[in-house]
Amino acid sequence: MPKKRVFRQFLYLDADLLRTFLDQLPQGTTRAVRTERQSQRGSSLGGGAELGPVGLRAGRDKGLRETTEYEVRSSSFADFQAFRQALDSPEPMERLDAMNEEAWGQLQVGEILELAAVLRQPRISIVIQAGGRVRSILEMAQAFDPAIDPATVEMLTKLEALNGVVSTSSLPVIMSIVGSRRFQFTTELIDGALQVPITELAGEATVLGTLQKKIPKGQSATTVDLGQTLPQVLENRETRRRSKQAAPSNSDFPREMELEIPYPVAVMKTLAIYR
C-alpha cells in the first residue's frame, strides 16, 4: 500500500533550529545556490553556384548564445518534511499522547519528542496583555462607584507596566499532554518563528522539539521571569488582602498566575507546532 502524503498546517517553525538538525543528517542538506544555464540556438546562411557538372556551395553558421541565471532554494517547510521523514527511519517515531510516572522517568535530556499536547499561554501573560484595558475600564467605573477597590486598580497599573519588563521576543507557552494533563512542558517560542498570531496556538496541536531540562520532584519550572517587579505586585496584593482582613499570604501568587509550574514538568526547546 503506497504511503500517504502528509500536509501540515504550521503554527510555528524555527527555521534556524531546523537547519542545525538537518546539517547533522548523514546525507547533509540542500542550501540555496546561484548557478547559470546556457543554451545556444543556430541558423545557417549559405549560397551556391553551379559551374558545369560540378556544384559548389558555400555557407556559414550563425549562433546565438543565451545565459540564464537562477537560484535553487529549498523552503523551510520542505526541509521539515525531509527531517520528519528521517526521524521515522528505521522505525516510525512514537507520538506521545499519554504519560505515566514510569514513562516520565525514562525521558532523557536531549532526545527529540513529538507530543500530542494542549497549548496555552500562562495566566500572567494574559493578565499582562489585558491589564491596560481592564485598568482603563476600572478607572472609569470608579468615577461612578467609589466603592471599587483602589488596590485592584493599582495592581493592574503595575501589571500593565510589566509589558516593558517582560521580553516580547520570546513567548512562554505551557503544553499539557492530551491524555495525561498533569504532565506538562514549558517552552519559550521565538516571536519571528510564529506562523499565526500567538492567540491561535491555544488548543490541541502536535509539538516537535528536544527535551532541555527535567525538573526534579518538589521543584517548579519558571515560565516568566519578572525579576524585581514581582515583589511590587505581591506587596500590593498583600495590602489589598489586609484591607479585607484576610490572611496576608502571597506565596500562592506565582502558581495562581502560572509563573511557576510544579512537578511533573519539563522544559522543551520547540522546533515546530502544527495541526
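Q: Buried means under 20% relative accessible area, exposed means over 50%, and partly exposed lies in between (1.4 Å probe, protein chains only). Which class does arginine 123 fall into?

A: Arginine 123 counts as partly exposed, at 43% relative accessibility. The model is predicted: local features need pLDDT of at least 70, side-chain atom pairs count only at pLDDT 80 or more, and totals for chains, interfaces and linings use all residues. Residues are numbered from 1 along each chain as its sequence is written, and side-chain values use heavy atoms, with hydrogens and water left out.

Q: How many salt bridges are there?

A: Side chains of opposite charge can pair when their charged atoms come close. A salt bridge here is a side-chain nitrogen of Lys or Arg within 4 Å of a carboxyl oxygen of Asp or Glu. The count by this rule is 6.

Q: What does arginine 123 pair with?

A: Its partner is glutamate 258, at 3.9 Å from N to O. Arginine 123 lies in helix H4 (residues 123-144) and glutamate 258 in the loop between helix H7 (253-256) and strand E10 (260-262), 135 residues apart. Helices (H or I, at least four residues) and strands (E, at least two) are DSSP runs, numbered from the N terminus. Glutamate 258 is buried, at 7%.

Q: Where do aspartate 79 and arginine 19 sit?

A: These two form a salt bridge at 3.0 Å, N to O. Aspartate 79 is in helix H2 (residues 76-87) and arginine 19 in helix H1 (residues 15-22), 60 residues apart. Aspartate 79 is buried at 6%, while arginine 19 is partly exposed at 22%.
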